[in-house]
Amino acid sequence: MRRLRLADALLLFLALAAATTAAAAAAAAKAPAAPPPPNVTAEMVKGGCKAFADLIAASPDAASTYQSAVEGGLTVFCPSDDAVKAFLPRYKNLTADGKAELLLFHAVPVHYSLGSLKSNNGPMNTLATDGAAKNYNFTLQNQGDVVTIKTAASAGAPARVRSTALDKDPLAIYVIDAVVQPVELFKPAPAPAPAPAPAHAADAPKAAGKAARRPAPTVADAPGPDADDSAPVDQKKDAKKSAAAARTPCVRWWLAAALAAVAAASALA
């Protein structure tokens with residue numbers, strides 16, 4: 001009897017296990033399969049970025065990196081067809097690696113909705129960024145509803161987000177009006193020339209130069225000191241005494257001559 005009971009219990013256990021397995025398989029079959037990740041280049045074409053999508057498709061490295069990154073979240077800043085057309089001559093001068101880096105430079109490995117994009121300011125890493133070197137970054141700036149992207153190589157106005165082609169997790173695509181140029185591939189834009197100096201400030205050095213070239217005025221020799229002023233005081237006194245002594249004999253001689261003339265006149269009378 002015990003053996004029969006054990007056999008019955010074993011059969012019941014196996015039946016329950018089989019039923020559970022079948023139910024789990026049925027439930028799994030009814031569950032919807034996970035949707036495949038979106039095709040990045042196809043979504044670009046739909047959003048008006050066919051020229052940029054064609055460049056990515058022509059670069060095997062860029063195409064595979066874009067598609068593999070979208071599963072973890074991706075934000076693409078896609079230049080418009082007109083922007084790509086204007087930039088194409090410079091793009092053709094790049095090497096194959098340079099072209100791939102430029103294409104990867106226009107995507108960020110994070111999904112940013114339009115709202116979160118407008119709340120961010122500062123440098124951002126891109127698909128081209130080497131984590132160790134921290135290169136291939138651009139600066140995102142927000143002013144109200146205007147979102148711009150710039151680098152040190154950006155000439156003129158920065159690239160501006162014009163429209164949203166797609167914003168559905170895990171992929172966001174924003175159309176921009178210019179190709180963003182990384183400094184790793186293009187020279188930094190020259191600094192603006194300083195404003196010209198005012199006219200009066202510009203003339204000042206010339207006037208100073210003329211004044212420096214003008215000959216110095218001739219200074220006349222100062223008159224020398226008088227003879228009396230040049231001698232010491234005691235020497236001045238001796239000189240006066242000598243002059244007085246020199247005049248005394250002359251006076252006496254004239255007096256004697258006058259007396260002699262009077263005496264002679266008296267004798268004749």
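1. To begin with a definition: two strands pair if DSSP finds at least two bridges between them, and strands (E, at least two residues) and helices (H or I, at least four) are DSSP runs numbered from the N terminus. In this sense Thr-139 stands opposite Lys-150 in β5.

2. A word on the ground rules: this is a predicted model, in which local features need pLDDT of at least 70 and side-chain atom pairs count only at pLDDT 80 or more, while totals for chains, interfaces and linings use all residues. Residues are numbered from 1 along each chain as its sequence is written, and side-chain values use heavy atoms, with hydrogens and water left out.

3. Now to the strands around β4 (residues 138-143). With β5 (residues 146-150), β4 pairs in the antiparallel sense over five bridges. The two form a hairpin with two residues between them, and Gly-144 in the turn has a positive phi of about 70°. Strand β3 (residues 122-124) also pairs with β4 in the antiparallel sense, over three bridges; here Met-124 stands opposite Phe-138.

4. The faces of β4 are worth a look. Phe-138, Leu-140 and Asn-142 make up the covered face, and Thr-139, Gln-141 and Gln-143 the uncovered one. Phe-138 counts as buried because its relative accessibility is 2% (buried is under 20% relative accessible area, exposed over 50%, partly exposed in between, with a 1.4 Å probe and protein chains only).

5. On to the aromatic rings. The structure holds five aromatic pairs (rings of Phe, Tyr and Trp, the last by its six-membered ring, pair if their centres lie within 6.5 Å; planes under 30 degrees apart are stacked, over 60 edge-to-face, the rest tilted). Phe-77 and Phe-138 have ring centres 5.8 Å apart and planes at 90°, so this pair is edge-to-face. The partners sit 61 residues apart in the chain, Phe-77 in strand β1 and Phe-138 in strand β4. Phe-77 is buried too, at a relative accessible area of 1%.

6. A further edge-to-face pair joins Phe-105 and Tyr-136, at 6.2 Å centre to centre and 65° between the planes. Both residues are buried. Ring pairs link Phe-77, Phe-105, Tyr-136, Phe-138 and Tyr-174 into a cluster.

7. Finally, the helices. Helix α5 (residues 81-92) packs with helix α6 (residues 96-104) at an angle of about 145°, their axes 10 Å apart (axes are lines fitted to C-alpha atoms, for helices over the stretch in contact, and angles run from 0 to 180 degrees between N-to-C directions). Phe-87, Tyr-91 and Lys-92 of α5 meet Lys-99, Leu-102 and Leu-103 of α6 in this contact, where contact means heavy atoms within 4.5 Å.
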